[in-house]
Amino acid sequence: MALITSPTQQKGILITVPILVLTLSVAAIFLFFLLSSLSTCNCPLSDTSNYNNGVVSSSSVVARSEDGSGRFVERISTTKEDLEWVKDQIYQNGLHMQDNVLRKGINPRTRAQQLQDLISFKGISHYEEPEANNHTALPCPGELLVEEHHSNYGEPWAGGRDVFEFLAEASHLTPNSHALEIGCGTLRVGLHFIRYLNPENFHCLERDELSLMAAFRYELPAQGLLHKRPVIVRGEDMDFTKFGSGVVYDLIYASAVFLHMPDKLVWLGLERLANKLKPYDGRIFVSHNIKFCSRLGGEECTKRLTSLGLEYIGKKTHDSLLFNHYEIWFEFRRSRT
């Protein structure tokens, strides 16, 4: 079959149906590859983010903030826009605090009741084989599974995020930074640093075995952070030799740890750490009080710090995001190379 012009009409072009179909197919294929190449283009996109005083508006996909050097880095702390958004979500969904009552399909249990269930029944569905053939990759003690260690700090576990936000921003951390915590316990604060920093960049010295068991056998696996390979060492007496001699820290902090240590041991730790702190930009933060310093007297403390190459910057407070609480932090820096 062909489309042929009539003899009485003006001479035209002869086009057969197969040729027409073939032409359209080639055009369609060409158009497909053209659109595919455009969609995968690696061309630089213009940044249409709306920055307002260094903070990205809530419409931005990636939240970043200006750090004062002209560079833009990932934002760490919660912004006013974040708070307004979540409050609006609660309002829009008509959410209200309700009494903790039994509901279909839900059986509220205290930690003590959960622990008893784990001891008695090993969970709802479990293999009946001997413990040596346990199919669980990392068998975890029931006390950790019910998170009893979350109650060991005298304040909510959520306060760890507050500490991280304050310290990370006050010391201008980036994922490439190195941080050392003296006494990280069960990683109430450390988890947030481990998640934020590059692998192996979070270090901790902790003396308590039970806290370390909670960190290694529950928190790191449960949070999916094993791949971050934090360097957590059991030790005391301010022995930092296991962390290596070449590391230089952007941040060293002790949260309510120096309160329980003899002043002599605190000064020994500062002496050993002074040369491991990045000059000028690095920071040491100590929470609650610095009686190890104030007990010497102002002038004597300043002299001793100076002899170590350290300088006291001042006192800061940081408010909690979720509960009526604030913490006091004392800031030091390395004053010479």
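Student: Where do I start? How many helices and strands does the protein have?

Tutor: Start with the secondary structure. The protein has 10 helices and 13 strands. Keep in mind that the model is predicted.

Student: What share of the residues is buried?

Tutor: Burial is judged by relative accessible area, with under 20% as the cut-off. Here 33% of the 337 residues count as buried. The surface is the other side of that. The protein exposes about 22,100 Å², and carbon and sulfur atoms supply 56% of that area.

Student: How do I read contacts along the chain? What percentage join residues at least 24 apart?

Tutor: Set aside pairs that are close in sequence, then look at the separation of the rest. Among contacts between residues at least 6 apart, 69% join residues at least 24 apart.

Student: Now the largest pocket. How much space lies in it?

Tutor: About 670 Å³. Its lining has 28 residues, and the closest to the pocket's centre are Gly183, Ser255, Ala256, Val257 and His260.

Student: How do the lining residues divide into nonpolar, polar and charged?

Tutor: For the largest pocket, count 11 nonpolar, eight polar and nine charged.

Student: Which strands each supply at least two residues of that lining?

Tutor: Strand S7, residues 179-182, and strand S8, residues 202-206. They are also joined to each other. S7 and S8 run parallel, with four bridges between them. To place the pairing, find Ala179, which stands opposite Phe202 in S8.

Student: Why is S8 described as largely enclosed by the rest of the structure?

Tutor: Check burial residue by residue. Five of the five residues of S8 are buried, so the strand is largely enclosed by the rest of the structure. Then check each face. Phe202, Cys204 and Glu206 are buried on one side of S8, and His203 and Leu205 are buried on the other. Both faces are covered.

Student: Which residues is histidine 192 in contact with, leaving aside neighbours within four places in sequence?

Tutor: Gly160, Arg161 and Phe164. Histidine 192 and glycine 160 are 32 residues apart along the chain, and their C-alpha atoms are separated by 7.8 Å.

Definitions and conventions. Residues numbered from 1 in each chain as written. Predicted model: local features only at pLDDT ≥ 70, side-chain atom pairs only at ≥ 80, totals over all residues. Heavy atoms only, no water. Buried < 20%, exposed > 50% of the residue type's maximum accessible area, 1.4 Å probe, protein only. Contact = heavy atoms within 4.5 Å. Areas by Shrake-Rupley, 256 points an atom, 1.4 Å probe, with all protein chains shown as cover. 1 Å grid on protein atoms, 1.4 Å probe; cavity = no way out; pocket = protein on both sides within 12 Å on 5 of 7 lines; lining within 4 Å. Points joined across faces, edges and corners; volume = space filled by probe spheres on them. Nonpolar A, V, L, I, M, F, W, Y, C, P; charged D, E, K, R; others polar. Pairing = 2+ DSSP bridges.
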